[in-house]
Amino acid sequence: MSLYEIRNLAVDIAGKRLVEDVSLTVEAGQCTAIIGASGSGKSLSCLTPFGLTPGTASGSTKLDGTDLRTTDARHLRDIRRRLTGFVFQQPLTALTPHLTVGAQLQEATMQAGSARPSRRDLAQKLERVGLSRPDERLDQFPHRLSGGERQRVMIAAAIAHGPKLLIADEPTSALDASLRAEIMDLLDELRAEQGLAMLLVSHDLASVEGHADQLVVMEKGRVVETGPTAAVTASPAEDYTRRLIAATPRLDEAVPKLRQPDGLLVETRGVGVEFPRPGWRRGKVRAVVNAHITIRRAESLALVGGSGSGKSTLGRAIAGIGPVTQGEILWEGVPIPERRKRGLEMRRLIQPVFQDPVASLDPQWRVQDIVTEPLRNLRPDLTKGERNEMARRALSNVDLAEDFLTRLPVSLSGGQAQRVAIARAIIAAPQLLVLDEATSALDPLVGAEILKLLVRLQVENGLSLLFITHDIAAARRLCHRIAVMEEGRIIETGDIQAVIGHPRHAVTQKLVAAS
Amino acid sequence: MAGSIPECGKGEALLKRHFPLVLVLVIVTLALLLPFLLPWSYDQINWDAVRAPAFSGSHLFGTDEIGRDRLARLAAGTRVTLLVAIAAALVSLIVGIAWGATAGWIGGRVDEAMMRIVDGLYALPFMFIVILLMVVFGRSILLVFVGIGLVEWLTMARVVRGQVMALKQRPFILAAEAAGTPSMTIILRHILPNIAGVALAYLMLTVPQVVMVESFLSFLGLGVQEPLTSLGILVKEGADDMDMAPLGLLLPGGLLVLILVCLTIEGERLRDRFS
């Protein structure tokens, strides 16, 4: 008998059926992963049986022989307390900000009725999840820890009372690529060691492969396909699963055919960016130090690194929307001024695209006004009719129908909004696009389509791309070369296939291993 | 939720939900129309009916101690009070947005300096300054404006500055910069439309505050000049004569409370929606 079993689960919220006919099992010591796009109902299916969402569940859910649906609220709370542990996506919001790590861990340990743990016990628990200097950590508050450390504390708290089932809802999505693998490995170890059953929720197939025993693929509130992970990924039965697998970038897929780059376009020479330290303290934060990168015509350069490595700051400096405090940026050998001093012709040649597609469109403007904004400033010679004609062409260039012109950003999906943002970026015929995590916030299928679109634009128009990302596998699909950043410095550059094949620097090795 | 309201009852539901606003609009309409409907003007004295009780002849609410029609004076007082309130609120809106948006957009030292000025003005004993102004320059409705305007824009400036600083970091503002949009255009076309909701909410909350301040100044005898009147003056006159004619206090007092409560409810609703 399985430890946890869901049969024909349906979830309704406010009279609307959002999840239907979900069945899955989790065995002790094994991991079942639910994957699907955002809004596919994967979190609802996991959390609703435990009363953790506003929805009502119907169907049968059996945990360790008890039917959760027939028990009353008090008994349900009791089961939740004793038998289950939860790990959520945002480790900072999931930890109580005013309690020290030790206090949270103590509360978690005692939730199932065990005696007050000694300080040594607590330190051991932290050590078990791979935190250095555990004794010191016990007295720290969550905001002092890094994202990866917080997630380790979350995991320590989730298993502190010895649960039988661990439910992890996107446990690694908010973390850097290199940390993801570490956290997933930790979860694997704990599972093997304590015989935990684990139910994992993720939108990213790549991050659960090699960790999950069973795979459940969900789409639009229904289970599309289910089976052992290896079998599903090797020979997917359903079209949706096939598309999902094809959309997930991996390092071992065929080398993509890209356009041959021409002469040198942009070069940064010893570029540094410093910010004044926030608050009253004096001093500076050096976000970028002595950065040399080059981009040729029709070439795409991947700028890769963890969060806080300075890659976005460097990208913004090149795009003319962030400061440059040292060094210079050369365009075809000629220095170009920074930020506000940059002329309109230079602005026309370099355009940015951002991570959050919805936030990068003014919510009050219609798509037509958004897309033609660069033309109004950079091409004052055009009439209104010509501008609108170009907007139509730019939309069709990013595969959007003409009737999107009159829509407002609220009515666009993430992928559509990102297409509009790309249309705005390419409408004035730039030569370089700075793409700041342009696909990271999108669902895998949508992200893959945007990647395809970018490759097409590059092949057709000879655009150069600066592709800022933490995902090496995605970068490999469209980039010629790669530059790896760490703590503001460029630590490795070279041909992307060569670097992935033989990473020299430890940070690069970690990033490659994590993909 | 909105879908559950049947089509035909939509207007009715809206009316019910915004009952306070509707009530204020009714009061304003009455205050504007009554001078044309009543046989008496607010400064006209009926020597035959001094201290007339309510419902006597053409005086619906009676007359005051020198024979002026209470209803006409109530309408006139409401007009003046709301006029002062709306004008002062608009002035505070314009000054506050200009100041706050400038400080938030430029940032750095300029922002520091501008916001310290705001803090300094906050610290001034406002009543004391208004009384000084009145003593030096004499009573005038203009000074009431100046006095009220001096304080009411401060909150608006702080709110707007915070909003602008948050918006400035948003990618669509950066995209506009990359598209070569001049700073002034970014402020006018991207930033102001996006803070309009919050600004409107605070405007709604400023109006009752100004009504309060104006009435208080008038009650102290520092407001508008006789025979022109305002709700504050009417409350004061009524309070002087309350043992003889309680209606003279209850009517303007009740109206004042009604207007204040209604505007505050609507303003807070708006604020909750936008923040």
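Q: What is the bridge partner of Ile34(A) in S9(A)?
A: In this predicted model, Ile34(A) has Val216(A) of S9(A) as its bridge partner.

Q: What makes strand S3 (residues 31-35) of chain A and S9(A) a pair?
A: Two strands need at least two bridges between them to pair. S3(A) and S9(A) have four bridges, and they run in the parallel sense. The pair therefore passes the cut-off.

Q: Which sense describes the pairing of strand S9 (residues 214-219) and strand S10 (residues 222-228) of chain A, parallel or antiparallel?
A: S9(A) and S10(A) pair in the antiparallel sense, over six bridges. Here Val216(A) stands opposite Thr226(A), and Gln214(A) stands opposite Pro228(A). The hairpin they make has two residues between the strands, and in it Lys220(A) takes a positive phi near 50°.

Q: Why is S9(A) called largely enclosed?
A: A residue is buried if 20 or more other C-beta atoms lie within 10 Å of its own. Six of the six residues of S9(A) are buried, so the rest of the structure largely encloses this strand.

Q: What makes both faces of S9(A) count as covered?
A: Look at each side in turn. Gln214(A), Val216(A) and Met218(A) are buried on one side, and Leu215(A), Val217(A) and Glu219(A) are buried on the other.

Q: What is the strand order in the open sheet of four strands in chain A, and why are two of its strands at the edges?
A: The order is S12-S11-S14-S15, with antiparallel pairing. Strand S12 (284-296) and strand S15 (334-336) each have a single partner strand, so one side of each has no neighbour in the sheet. On average, neighbouring strands are turned by 30° against each other, direction ignored.

Q: What makes strand S14 (residues 326-331) of chain A a partner of S15(A)?
A: The cut-off is at least two bridges, and S14(A) and S15(A) have three, in the antiparallel sense. At one of these places Leu330(A) has Pro335(A) in S15(A) as its bridge partner.

Q: Which strands does helix H12 (residues 311-319) of chain A lie across?
A: H12(A) lies across strand S11 (264-276), S12 and S14 of chain A, and runs at about 120° to S11(A).

Q: How do you know that domain 1 and domain 2 of chain A touch?
A: Residues are in contact if their C-beta atoms lie within 7 Å. By that test, 14 residues of domain 1 are in contact with 13 residues of domain 2. On the domain 1 side, H8(A) gives the most, with four residues, and this side divides into seven nonpolar, three polar and four charged residues.

Q: How many residues link chain A and chain B?
A: 20 residues of chain A are in contact with 14 residues of chain B. The largest share of chain A's side, four residues, comes from H14(A). The residues on that side divide into ten nonpolar, five polar and five charged.

Key: Residues are numbered from 1 along each chain as its sequence is written. Chains are lettered from A and ligands numbered from 1 in the order in which they are written. This is a predicted model: local features need pLDDT of at least 70, side-chain atom pairs count only at pLDDT 80 or more; totals for chains, interfaces and linings use all residues. Two residues are in contact if their C-beta atoms, placed from the backbone, lie within 7 Å. Ala, Val, Leu, Ile, Met, Phe, Trp, Tyr, Cys and Pro count as nonpolar, Asp, Glu, Lys and Arg as charged, and the others, Gly among them, as polar. Axes are lines fitted to C-alpha atoms, for helices over the stretch in contact, and angles run from 0 to 180 degrees between N-to-C directions. A residue is buried if 20 or more other C-beta atoms lie within 10 Å of its own, exposed if 12 or fewer, and partly exposed in between; C-beta atoms are placed from the backbone.
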